[in-house]
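Welcome, and please load the model in your viewer.

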Amino acid sequence: MLVGKQKPAAITAADDNVREIQIAVNDAVKETGGKAQTFEELLPSIKQATGLTAEEIEESVGTSTLQVKIPATQAEAAAVELEQRNAMNPAIGGVIGSLLNGIRDFAGVVSTDLSRLSPRLGGRLARHDAKVAVKTAGYLEEVQPFIDLIQTIPAKVETQVNKHLVNGEFDAAKALLSQYDSNAEKIVDATANTINQLKRDMEAAGIKIQKVDNFFPRKVADYKKLLEAMGREDKAPITRRLEARARKLKLQSIDELPIEETEDVINRYMRERPKGNSLASKTTKARKIIAVDDEIMPYYKKSDVALREYIESVVSSAERMNFFGSKNAVKKGFASIDSYTSADRIVAEEVASGRLRPEDLEKVRELLDARFGMGERASGKKANFTKNLIYQMTIANPLSAITQIADLGMSVFAFGLENTLRSALGKKTFTLKNVNLENIVSAEMGTVGTMARMLDRAFRVSGFKLVDKFGKETLMNAAYLKFSKMAQSEAGVKALRKRFGNTFENEFPSLIDDLRAGNRSQNVEMLMFAELANFQPISLSQMPLKYLQHPNGRVAYALKSFTVKQLDVMRREILQEFAKGNMKQGTKNLIAFSTLIPLAGGSVQELKDWITRGDEIRVDDIDDQFVANIFKVFGTSQYVVEKIKDQGVITPALGEIFMPPVSLLNGLVRDVSDAATGDLTAKDSELFGRIPVFGSLFQSWLLGAREERRLEDLRRGD
């Protein structure tokens with residue numbers, strides 16, 4: 001033991017094990033109701049929780065600089081746990097502390113900050129995100145036959161089918177659909193069963209729903225036009241109800257109401273009206289509305305779109321309630337919650353149990369309130385328009401699609417070269433469809449509307465989505481290969497427990513069994529989503545606090561989410577390992593990350609330079625590209641760093657990291673200036689090169705810009 005104590009690596013490993021042992025001891029004491037036990041009596045629980053053998057436990061305890069404390073009561077176990085949390089999160093005050101907190105708020109990731117302060121809540125949030133994604137994907141798979149059928153019938157027939165469905169006339173809908181598919185009746189019945197299961201999920205989560213026979217979701221496409229079509233007799237009472245709902249939710253106007261709340265108010269009103277005739281003209285004074293008819297049908301979404309959105313909103317609402325729990329979730333409105341009060345309750349519970357330091361209470365509450373409050377509120381139309389325009393003019397092109405190939409470097413860093421190659425070249429066990437990510441590049445781009453649909457088309461045509469899908473699926477399947485192998489050994493199980501124990505809690509043993517047996521269970525699918533979220537910004541929890549708190553300010557984060565996530569990976573996999581005292585692992589991760597990520601980016605940049613400049617692809621140039629891409633990892637460029645060195649000002653770097661892409665404005669100014677002097681040509685126009693999809697390639701290959709850039713490089717000696 002004395003020899004072991006003299007080796008820093010052995011001490012670090014032993015300290016890490018003892019921390020895990022102490023957690024297992026605390027949990028065992030709390031589970032037994034605080035009954036006093038000896039270390040020997042607790043040994044079976046420690047072995048099961050940590051995956052260590054009795055010999056490894058003995059050696060770790062003897063080598064470590066830390067001591068294992070055996071609490072006599074549940075209260076003492078909570079106190080020991082709090083003491084351990086204090087040691088892991090030392091308070092940093094003064095100017096440095098304020099600066100670090102500010103950086104975390106603007107550039108840190110909410111999930112990482114929450115896990116740092118409360119591993120249990122951080123794990124629960126990761127589970128929430130994964131469960132929403134996987135359950136939504138499962139329900140969408142169940143109704144896929146209905147969606148496929150709807151998309152094959154003529155538009156006029158679909159409108160009639162939709163009208164029958166939203167009015168509960170399922171037999172009429174089946175009769176129409178049977179003309180196009182002999183299995184239509186079975187498909188509609190199966191879809192109805194799925195809808196009923198979703199209703200049961202809502203009720204189980206504590207969301208009271210209106211009882212409606214033959215229910216099919218009515219999703220409003222434009223509620224203002226819908227009210228206008230109804231006329232004064234119905235518009236006024238519905239508007240009053242909408243205003244009352246907005247006041248109840250403490251919103252400034254009905255325009256801020258979540259669409260689910262607006263639809264609930266309108267649908268309740270229409271179903272509560274006495275049965276009568278269909279809508280007549282807008283001047284009719286005594287109309288009785290109970291059904292959606294031809295006059296207002298255009299203001300409702302198509303049945304396949306409505307069904308998809310209904311599934312997504314129901315799963316999200318139910319799991320949001322489940323996250324806080326029936327005791328802590330404070331409902332307001334139909335499916336909304338009071339995020340601040342709910343967060344306050346759950347945080348108070350964590351403090352009372354000793355799992356959270358009192359001084360961290362306010363920050364944890366702020367993180368949860370932002371994630372489930374303003375974070376789930378959509379940006380305004382102008383902000384969304386601006387963001388989507390920026391994306392179309394910057395990354396919706398084949399060159400940006402090629403850039404995405406560099407994401408494979410992150411997979412190599414996290415899961416190794418062999419697993420990455422096997423995943424990239426082999427059959428995919430997991431696809432984006434399994435985790436409902438087919439239509440999501442990042443949470444930053446998860447918007448709706450005309451511009452969003454145009455952006456999605458541009459992403460598809462340019463190949464951006466195809467390459468992004470390849471990168472995400474490669475990473476997930478590489479993770480599966482690594483984790484399946486780890487599950488076969490005790491040491492691997494211990495490492496998996498350390499990473500995902502707080503996410504799966506009591507279901508962790510079942511997860512390990514599934515990995516060992518090769519079962520593609522819901523838990524394994526959730527594991528794939530959770531690990532992908534560790535490396536890509538695919539959910540709101542992977543965005544910064546300030547991003548979530550200011551919906552209309554999110555335009556400032558345009559094109560920044562992947563950079564923010566890269567910084568988060570460095571913080572989590574490198575800096576936090578150093579902070580825990582794991583110097584060996586931290587150093588290993590530092591070397592791997594600082595080598596693989598810039599190397600992957602530099603290699604891709606060589607290909608892009610050949611496409612846009614005609615530069616010869618040479619291995620000798622990789623070192624220069626490597627240096628340039630080191631700066632890109634931190635969200636800036638070598639050019640900006642050189643300007644800081646020459647001019648002594650840091651503003652350009654900060655602007656490039658934290659501001660929207662100002663190069664678009666610079667390009668506009670330059671083009672206007674050249675146009676004024678008569679020097680503007682399509683070949684040299686920056687804005688022409690930013691025309692979505694093929695503007696840059698057209699400019700480079702057909703207008704001669706590629707050759708001109710190559711000659712300019714030769715003149716400069718590059």
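Begin with everything selected: of the 718 residues in the protein, 49% are buried (under 20% relative accessible area, with exposed being over 50% and partly exposed in between; 1.4 Å probe, protein chains only). This is a predicted model, where local features need pLDDT of at least 70 and side-chain atom pairs pLDDT 80 or more, while totals for chains, interfaces and linings use all residues. Residues are numbered from 1 along each chain as its sequence is written, and side-chain values use heavy atoms, without hydrogens and water.

Now switch to cartoon view. You will find 37 helices and 2 strands (DSSP runs, H or I of at least four residues and E of at least two, numbered from the N terminus).

Next, show the surface. The protein exposes about 34,600 Å², and carbon and sulfur atoms supply 56% of it (Shrake-Rupley method, 1.4 Å probe).

Select Glu55, Glu56, Glu58, Glu59 and Glu490, which form a negative surface patch (residues with over 30% relative accessible area and no salt bridge, like charges joined within 9 Å and nonpolar side chains within 5 Å; a salt bridge is a Lys or Arg side-chain nitrogen within 4 Å of an Asp or Glu carboxyl oxygen). Helix α4 (residues 54–63) supplies the largest share, 4 residues. Glu56 lies in this helix and is partly exposed at 38% relative accessible area.

Finally, select Leu607, Trp610, Phe698, Trp701, Leu702 and Leu703, a nonpolar surface patch of about 570 Å². Helices α30 (583–613) and α36 (695–702) each give two or more residues to the patch, and α36 gives the most, with 3. Stop at Trp701 in helix α36: Trp701 is partly exposed, with a relative accessible area of 43%.

Definitions and conventions: Lys, Arg positive; Asp, Glu negative; His and termini not counted. Charge placed at Lys NZ, Arg CZ, Asp CG, Glu CD.
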